[in-house]
Amino acid sequence: MRYVETAQNNGQEDHLLNMGFVQQSLDSMSQGISVTKMIDGELFIVLCNRQFINLLDFPPHFADLPRPFREYIRYNAERGEYGPGDLEEQVSIRITRAGEFEPHAFQRTRPNGAVIEVVGKPLPNNDGFVSTYTDVTDRNQAETYSDLLIQALERSASGIAIFDADDNLVLTNDSIRRSNSFVTSLNMPGFGYDDWGRAMLKHDMIAVSRDREDDWLNKWISHRHDPSGILEIEYRDGTWRLVEVVILRSGHTVMVSSDISELKHAQIALINAKEEAEFANRAKTDFLANMSHELRTPLNSVIGFSELLIATDFDTLGKNSVNEYLGDINRSGRHLLRLISDILDISKIEVGELKLDEEALCLRELSEECLRMIKERARRAGTEITNHERPPKVRLHADETRIKQIILNLLTNAIKFTDRGGHISFGWFACDDNTIALEVTDTGSGMAEENIRVALEPFGQVANSMTREHEGAGLGLPLSRRLAELHQAELSIHSDLGKGTTVRVKFPAERVITDFEP
């Protein structure tokens, strides 16, 4: 009898030891757990761990089991866990639902903001259920932040591509896919950062010559490990992108490509403006030097010959010498007048004060008159001038005086830079787009490409003003260009050094008159 009692006591102790081990194991879990069982027609929580009590913020004595399931539901309802509504109805609905012993899974946001994920499964005998409770607040926030990050990446104006530690492309956003069409056909992973550079070259996207592609690719590859991590890339379509590379601690490479076209174009424009300002400053200096030279020479001639005439006896000097001196004074005075007139014309054009007196001009008559006016000068220079015999049968709506000024300036300039025995031709030509062009071609010394721009600036003779071989202030071409622009025409120059120059003035179709009375 004593043996039986001892055995029974030992069995109870073993049972208690086992239960204590189970409880310790449950309390060590990071999840909350509870077992709800139907006893005598009522649901009881018969087992739970410490995390269940803590996660759901139940009073400590709620861990004394078994305890009616209704008490837990009512406690939650009373403290507003289920939101507004009739308390008894809330309790009744949840008790009834729990008694169905159906699998369930849902998330409940507690008043303190914690999100608890509840997953329940029925017991084998279908007389209760076991439930787990997991705090998924951080996970939900991470998923939310991840979704927000993905949305932000997709909507970012900058292109973004991410490569993993093994250099496999794992993520791209919409912006970079739109600017790099080859991305859509990639088999990711397996496409690396270096492959990206090769693909851009293969698709002829980069503004680099064929013989420099290897250098560009090496620069692209080395840029990935450059501490500054920034590379400016010019594309063939005229756009510019700034590519920045960041290598994360995980070994992932993040490539960010931003469109800097407007900034780059503004930068280029600023550099050009700086060069223009420097050029204008040099032009101002040249202007003063040229003005001093161009004005002093004829003035010295006028003053010198006039003083000579004043101090000399006319009878002793002789009529021929007097006429020669007076002729020199006259030519110097006319030269000064032309120079001052050209300067005033350019000044008026610059400030918008030069007005055109426009009419329908006959091209043939215009050309013949200019030819008569320039022929003697060409003869003295030993240069032959020919005129295109049959100009187009149209008229030009323009200012006659200013068009003559253009023609004479171009012809004078051609004579000046054409050696004796050379040839000059000029005439009017109809173009396919219903426009009309005046062309003056010479067999003179010509200009290098970089000097054409200089020649079109006031006082911009290519040679230095103190060493140039030809007289003149260099106002003919720039004045002709500005007079052409007043007529909405475009003056262009094509020149081969040592072979000659062609100056073309193209007038718009709006100034060409075809329906006129002959």
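Residues are numbered from 1 along each chain as its sequence is written, and side-chain values use heavy atoms, with hydrogens and water left out. Because the model is predicted, local features need pLDDT of at least 70 and side-chain atom pairs count only at pLDDT 80 or more, whereas totals for chains, interfaces and linings use all residues.

We can begin with the cavity. The structure holds 1 cavity of 30 Å³ or more, and the volume of the largest cavity is about 40 Å³. On a 1 Å grid over the protein atoms alone, a cavity is a set of points where a 1.4 Å probe fits but cannot get out, and lining residues have an atom within 4 Å of a point. Among the residues that line the largest cavity are Trp196, Met200, Trp220, Met255 and Ser257. Helix H7 (193–202) and strand S11 (253–259) each supply at least two residues of this lining.

The second largest pocket has a volume of about 490 Å³. A pocket is an open set of grid points with protein on both sides within 12 Å along at least five of seven lines. Its lining is made of 23 residues, of which Phe69, Ile73, His104, Phe106 and Val118 lie nearest the centre of the pocket. The largest share of the lining, 4 residues, comes from H3, and helix H3 (69–78), helix H4 (87–98), strand S4 (104–109) and strand S6 (128–135) each supply at least two residues.

H3 and H4 also pack against each other, at an angle of about 140° and with their axes 9 Å apart. That makes H3 oblique to H4, since angles under 35 degrees count as roughly parallel, over 145 as roughly antiparallel, 65 to 115 as roughly perpendicular and the rest as oblique. The contact, which means heavy atoms within 4.5 Å, includes Phe69, Ile73 and Ala77 of H3 and Leu87, Val91 and Ile95 of H4.

Helix H13 (residues 400–416) and helix H15 (residues 476–486) pack at an angle of about 150°, with their axes 9 Å apart. That makes H13 roughly antiparallel to H15. Residues making this contact include Ile406 and Leu410 of H13, together with Leu479 and Leu483 of H15.

Technical notes:
Points joined across faces, edges and corners; volume = space filled by probe spheres on them. Axes fitted to C-alpha atoms, helices over the stretch in contact; angles between N-to-C directions.
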